[in-house]
Amino acid sequence: MDNNKFTNRPVSTSLKAGLACLALAGSALAFPVAALAQDDVIEIRMQRYTGTEEDEIFQRLQDMLLEASDGRIKLNIFRGGELVPNDQMYSALRSGTLQAIYGYGGYWGGQMDTAVLESGIPMAWTDLDEAKELWNERGLGELLAENYAEQGVHYTVPVFGGKFDLLTKEPVESLADMSELKIRATPSVSAVLNHFDIPTVYIPPQEFYIALSTNAIDGLIYGGPYDYSVLKLNEVATSYTEMNMLYPGFVDNVLVNQNVWNRMPEDLQETFMDVTAEWADYRHQKFVEWNEEAAHLFEITTLPESDVVAMTEAAQEVWDAEAEKSPRAAEAIEMIRDMARDKGRLE
């Protein structure tokens, strides 16, 4: 949901010289379309947008693929920014400079009409079951796969993230309580809060601590207990309000260059899909665990259901803006609207 998530975390830049040459090589380094022989080993160069703090969890993905494929899929994963800047990952994937990425659609919202809504827009889904239903039963996953395929990219699975709630210095139990507060929020979230005369401002994550401690802001909507504890914000604000504005609060993805994908034998394609889906579930569960472990640092309340319904109505302006991007985006938004109606959050 927050296009600047994780930007506070350290990113290694240790591979400068050799990797700069690699990035410049562009599509010349992409695999040719010719298929692999059944027993050949395929090495895949992937960049993720996260830093050193997630080395262990991505090593798990490498190990799972290597084991499940009997050593035939070797995934070489680079940290955020090591091969190309994070905001250039998608274009590098399409050109073949990168052969796979662990990404976040918000980074390439200007290059693809469904990328922003894929990554998460306010009130689109309010729990994991809704998100899974949207992807697996209502057709969003298939729509995204078709859209990526048209751009030379194979979409594997969504990776559902963690929480996306409100942290404030004073307790908040309703939208009305927020009317006297200044809240840090992204533009799409601000568009919803402004309907309720809630003042908002945007500041980057690295400024959160100072802004809260100096009363430049009264609260912010950014992540979950784990995210706030990593930033040590519990030292200056401990009131946490579950907004039910978006959960999972962001959706990442694993994408593969289509030429690379086409080159894989069918059994390796199946292995890649199965393992990546299993790993994505594991990764989401880690977000759940991390938030549970950090929850004791905060006093937690929840907005009433009537406020959730009101915010869904207020979010229609944001949804309409996404729908205007293309007929396919409009189709995706209609899927989201249908589900919101079926769940009783929208008339």
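Ile-183 has Thr-200 in strand 7 as its bridge partner. Strands here are DSSP runs of E with at least two residues, and helices are runs of H or I with at least four residues, both numbered from the N terminus. Strand 6 (residues 183-184) and strand 7 pair in the parallel sense over two bridges, and two strands count as paired if DSSP finds at least two bridges between them. The model is predicted, and local features need pLDDT of at least 70, side-chain atom pairs count only at pLDDT 80 or more, while totals for chains, interfaces and linings use all residues. Residues are numbered from 1 along each chain as its sequence is written, and side-chain values use heavy atoms, with hydrogens and water left out.

Strands of a sheet pair through backbone hydrogen bonds, either parallel or antiparallel.

Strand 1 (residues 42-48) pairs with strand 2 (residues 73-78) in the parallel sense over six bridges. Within this pairing, Glu-43 has Lys-74 of strand 2 as its bridge partner. Six of the seven residues of strand 1 are buried, so the strand is mostly covered; buried means under 20% relative accessible area, exposed means over 50%, and partly exposed lies in between (1.4 Å probe, protein chains only).

Arg-48 is found in strand 1, and it counts as buried because its relative accessibility is 3%. The side chain of Arg-48 reaches the backbone oxygen of Gly-51 at 2.7 Å. Not counting residues up to four places away in sequence, Arg-48 touches Glu-54, Asp-55, Phe-58, Ile-77, Phe-78, Arg-79, Gly-80, Asn-86, Met-89 and Tyr-102; a contact means heavy atoms within 4.5 Å.

Glu-67, in helix 2 (residues 55-68), is exposed, with a relative accessible area of 64%. The C-alpha atoms of Glu-67 and Val-275 are separated by 9.9 Å, although the two residues are 208 residues apart along the chain.

The chain as a whole contains 14 helices and 11 strands. Of its 347 residues, 56% are buried. Among contacts with a separation of 6 or more, 78% join residues 24 or more positions apart. The chain exposes about 14,100 Å², of which carbon and sulfur atoms supply 48%; these areas come from the Shrake-Rupley method with a 1.4 Å probe, and for residues only the protein chains shown count as cover.

The largest nonpolar core has 93 residues, of which Leu-193 and Trp-319 touch the most other members. Apart from this core lies another, of 15 residues, among them Ala-211, Tyr-228, Tyr-240 and Phe-298. A nonpolar core is a set of buried Ala, Val, Leu, Ile, Met, Phe, Trp, Tyr and Cys residues joined through side-chain atoms within 4.5 Å. In soluble globular proteins, nonpolar side chains tend to be buried together.

Ile-333, Ile-336, Arg-337 and Ala-340 are among the buried residues of helix 14. The cover over the buried residues of helix 14 includes helix 4 (115-119), helix 5 (128-136), helix 6 (140-150), helix 12 (305-314) and helix 13 (316-323). Helix 14 (residues 327-342) has 16 residues, which should span 22 Å at 1.5 Å a residue, and its end C-alpha atoms are 23 Å apart, which agrees. The expected span is 1.5 Å times one less than the number of residues. Gly-344, which follows helix 14, has a positive phi near 80°.

Some backbone details remain. Lys-232 is not a glycine, yet its phi is positive at about 60°. This residue lies in the loop between helix 9 (225-230) and strand 9, and Lys-232 counts as partly exposed because its relative accessibility is 49%. Asn-244 also has a positive phi, near 55°, in a residue other than glycine. Asn-244 lies in the loop between strand 9 and strand 10 and is partly exposed at 28% relative accessibility. Pro-248 is found in the loop between strand 9 (239-242) and strand 10 (251-257), and a cis peptide bond with omega of about 0° joins Tyr-247 and Pro-248.

Definitions and conventions
A polar contact is a pair of N or O atoms within 3.5 Å; within protein, one must be able to donate a hydrogen and the other to accept it, and residues adjacent in sequence count only if both atoms are side-chain atoms.
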